[in-house]
Amino acid sequence: MTGSREPGIVGRRGFLGYAGAGLIAMNPAMKSILRLPTPGSRIPKVGLQLYTVRDLLKTDFEGTLGKVARIGYQEVELTDFFGRSAADVRKILDGLGLAPISMHFDFAKLPAGLDQMIADAHTLGLSYITFAWIDEKLRPDIDGWKRVAATLNQTGEKVHAAGLQLAYHNHSYEFKPLRGQLPYDVLLANTDPKLLQGEMDLFWITDGDQDPLAYFARYPGRFSQVHVKDMGPGPGPDHTMVDVGKGVIDWKKIFAHSAEAGIKHYYVEHDNPPHPLDDIRVSFDYLKNLEF
């Protein structure tokens, strides 16, 4: 029979296996000596929130995206079409090998503008429709936040029916207490996890004196996207943004809980980078090589 062995004959690999097992049996301490280090996890694809390079996109849209791709970014999140159609943007991104995952849409355009948002999302091939700002007049108190949550649930039902996922991006104002409650807690508690995912901005939640890991544990699987931007040393409340890896946020500690959080997409962002292309390269290089 092909591949059979004669009884009683042990191959070299089998002999070594038996020998190793024998050594461990004789001396259990050998287990720690023979155990090889387990390689750490890495971010599979580093993305970029294109707001970071918005000023360059205004003057050289396709050229700037080409530079983003050459740095090594594979995924992008959009905020603007810069005068182009969704179809034109999709064609450019496809040609550069950049996958559009999400876009920040305007919450103020609900409900009338939702159909167009969904249409644009389908044209672009997005997975997420994300809202990133709630006008202050809509959130004066806890009841206002509950009304926002109700709107997000209703919107999420239509977005889900269209084969997409609704998401919400935080800033730091969600962590300023109202009547002893944090608006972010009210928002998450009053929305359906299937209809609304969190896009956690890890700078702003830190700026709001909150621990991302506490939210990962309280709402496991709720945060499928994150914004990755680092914080310079110094007191708040107006912390400075710096390139990822150049600040005080412990990325290894946070991303070690990626599975618990449900993170699928990691977007580098810097609201006001001094040298946008240089800055996004520094952040990319750090995250590409980060093990956690």
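Analyst: Two strands are said to pair if DSSP finds at least two bridges between them. Helices (H or I, at least four residues) and strands (E, at least two) are DSSP runs, numbered from the N terminus. The model is predicted: local features need pLDDT of at least 70, side-chain atom pairs count only at pLDDT 80 or more, and totals for chains, interfaces and linings use all residues. Residues are numbered from 1 along each chain as its sequence is written, and side-chain values use heavy atoms, with hydrogens and water left out.

User: In which sense do S4 and S5 pair, and over how many bridges?

Analyst: Strands of a sheet pair through backbone hydrogen bonds, either parallel or antiparallel. Here S4 and S5 pair in the parallel sense, over 4 bridges. Leu166 in S5 is the bridge partner of Ile129. Both strands belong to a closed barrel of 8 strands, ordered S1-S2-S3-S4-S5-S6-S7-S10 with parallel pairing.

User: How should helix H7 be read, and why does the distance between its end C-alpha atoms agree with its number of residues?

Analyst: The expected span of a helix is 1.5 Å times one less than its number of residues. Helix H7 (residues 142-161) has 20 residues and should therefore span 28 Å; its end C-alpha atoms are 29 Å apart, which agrees. At its start, a side-chain oxygen of Asp141 comes to within 3.3 Å of the backbone nitrogen of Asp143. After H7 comes Gly163, with a positive phi near 80°.

User: Which residues of H7 are buried, and what covers them?

Analyst: An α-helix has 3.6 residues a turn, so residues three or four places apart point the same way. Buried means under 20% relative accessible area, exposed over 50%, and partly exposed in between (1.4 Å probe, protein chains only). The buried residues of H7 include Trp145, Val148, Ala149, Leu152 and Val159. Among the elements covering the buried residues of H7 are helix H6 (114-124), strand S4 (128-131) and strand S5 (165-169).

User: Where is Thr191 found, and is it buried or exposed?

Analyst: Thr191 is found in the loop between H8 and S6; with a relative accessible area of 6%, Thr191 is buried. Contact means heavy atoms within 4.5 Å. Leaving aside neighbours within four places in sequence, Thr191 is in contact with Ala149, Leu152, Asn153, Leu196 and Arg222. A polar atom of the Thr191 side chain lies 2.8 Å from the backbone oxygen of Leu187.

Terms used: A polar contact is a pair of N or O atoms within 3.5 Å; within protein, one must be able to donate a hydrogen and the other to accept it, and residues adjacent in sequence count only if both atoms are side-chain atoms.
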